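Hello,

Here is the structure I promised to pass on to you.

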Amino acid sequence: MAFKKENFYIETFGCQMNEFDSERISAILEKQGYLKTENRENAGLIILNTCSVRLKAENKLFGHIGNLKVLKEQNPGLVICIGGCTAQSLKEKLIDTFPYIDIVFGTGNIENLSDLIKTRATSSKSICKTSGNPEEIKELIDFKRKFPFKAFIPVMTGCDNYCSYCIVPYVRGHEKSIKPATIIDSIKKLAADGVFEVTLLGQNVNSYGQSFGHNVEAEDAALKNANSFAKLLNEIAAIQGIKRIRFMTSHPKDFTEDIINAVRDNSNVMGHIHLPFQSGSDKILEMMNRKYTSKEYEDLFYKMKERIPDCSVTTDIIVGFPGEQEEDFNKTLELVRKLKFSRAFTFLYSSRKGTKAEAFYDPVPIVEKKKWFKQLLDTQNAISLAENEKMTGKVFEALVESESTKKSGRLEGRLENNTIVNFDGPKGLTGSFINLEITQAHPFYLSGKIAEHK
Ligand code: 5AD
Ligand code: SF4
């Protein structure tokens, strides 16, 4: 295949919300007659859907945009679009730095993308449109799914928490929940179309419905009673054909008992909870504006483990927040050793423009922070391996998701607790449930074989 005006190539950076947005963008473009290509050299339209949560992501993006210059020189007809959170935060500055960008579009302007492309075709100037509000999403089925049997569904957009380090509330706007009827109807349609796993997405899914209290019009007053994530989970769990329900991300301050009970009581709500704790020091948690103490987090963690059998908890941790001292870091390390997360995503603090923490005094040198980071990583890797080793020799049900990207003849299955298992098997098993015996543990995945008996 060679360069064709009607081919589009899309690359996604960052979180699953961006993945979902890319699926929406792909659906919009395909409706306009564009064809998706996996090779950017063949594309007449290139879209980068960007992430700005850490500076490193932004710098990497600049490298990617820089590389597109040669392609534009080879094919002056090429249309380059930059969307997502970096587009929303840097706006025209992106075009000033990279004048060969054709369109910068914001997180609330996805619906306008095909109009913007048409306008650009008849105009001599690049376009920057980032003023759109993330629109009320009326249907959740108009996106191009990667897997025929599973779908990612946003239940809310934006965030009102303003953790002091985080840029998300500034680039994704206010928290806005999608109406329960929209979500339920969409999932029913997806189930009829062969989808049996859904992952509910939002920056803080546990506060689902709270925005109805102040956004809703008078005729929708009934929604005020629909303001609970637990209720939503129970309703989705009752939809025929939905065998696996997952959700992310959770916030400890909003994880109520009825949500724990909804996970416990519905066998199709998976026992995996991603619950970022960020820091084990109460001083730092307060500076982060997280609104819980390490003791409150710990209590919640144990309550989940007690009530939900085989529940796995994963987390996010930030190292080197401004003002964090060795004693604060040691509290984080202590909590990690005590709670034994299945997996932790660890991040070195990255100062983001416009956030509260940007102005905080930050005296600890980066070399020291990196030392802490390495210590935390080594500790957690050993814990993840030990936790995974507890599963060896046992048999678990897995959903076969895809062929392994690493080795031919290998398949990848996902357990209820979200752990990936690699095993040998025929490609035809993809999309089905199978029992796997775990033969070997690794820190981030397992090896297994098809089990004779459960
Ligand atoms: N620096 C480092 N990590 C961050 N995160 C969010 N903002 C920052 C930042 N400025 C991390 C948090 C969050 C995860 C998605 O990214 O741990 O939970
Ligand atoms: Fe950022 Fe905090 Fe909102 Fe998560 S809850 S998106 S960390 S502001």
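Predicted model: local features only at pLDDT ≥ 70, side-chain atom pairs only at ≥ 80, totals over all residues.

Residues are numbered from 1 along each chain as its sequence is written, chains are lettered from A and ligands numbered from 1 in the order in which they are written, and side-chain values use heavy atoms, with hydrogens and water left out.

**Domains 2 and 3**

The chain divides into domain 1 (7-129), domain 2 (145-270) and domain 3 (395-450), with bounds from an automatic or database domain assignment. Between domain 2 and domain 3, the C-alpha centres are 28 Å apart. Their contact (heavy atoms within 4.5 Å) draws on 9 residues from domain 2 and 13 residues from domain 3.

About 840 Å² is buried between these two domains, 57% of it from carbon and sulfur atoms; buried area here is the accessible area (1.4 Å probe) that two parts lose on being put together, summed over both. On the domain 2 side, Phe 149, Arg 244 and Arg 246 lose the most area to domain 3, together 53% of what that side buries.

The rule finds 1 salt bridge across this interface, taking a side-chain nitrogen of Lys or Arg within 4 Å of a carboxyl oxygen of Asp or Glu. Lys 150 forms a salt bridge with Glu 401, and their closest N and O atoms are 2.9 Å apart.

**The ligands**

Residues around ligand 1 (a heavy atom within 4 Å) include Val 53, Tyr 165, Asp 316 and Phe 347. Arg 54 places a polar side-chain atom 2.9 Å from an oxygen atom of ligand 1, and a side-chain N or O atom of Gln 278 is 2.7 Å from an oxygen atom of the ligand. From Ser 350, a backbone N or O atom lies 2.7 Å from a nitrogen atom of ligand 1.

Around ligand 2 you will find, among others, Cys 159, Cys 163, Cys 166, His 251 and Arg 290.

Best wishes

Technical notes
Polar contact = N/O pair within 3.5 Å; in protein donor to acceptor, adjacent residues only side chain to side chain.
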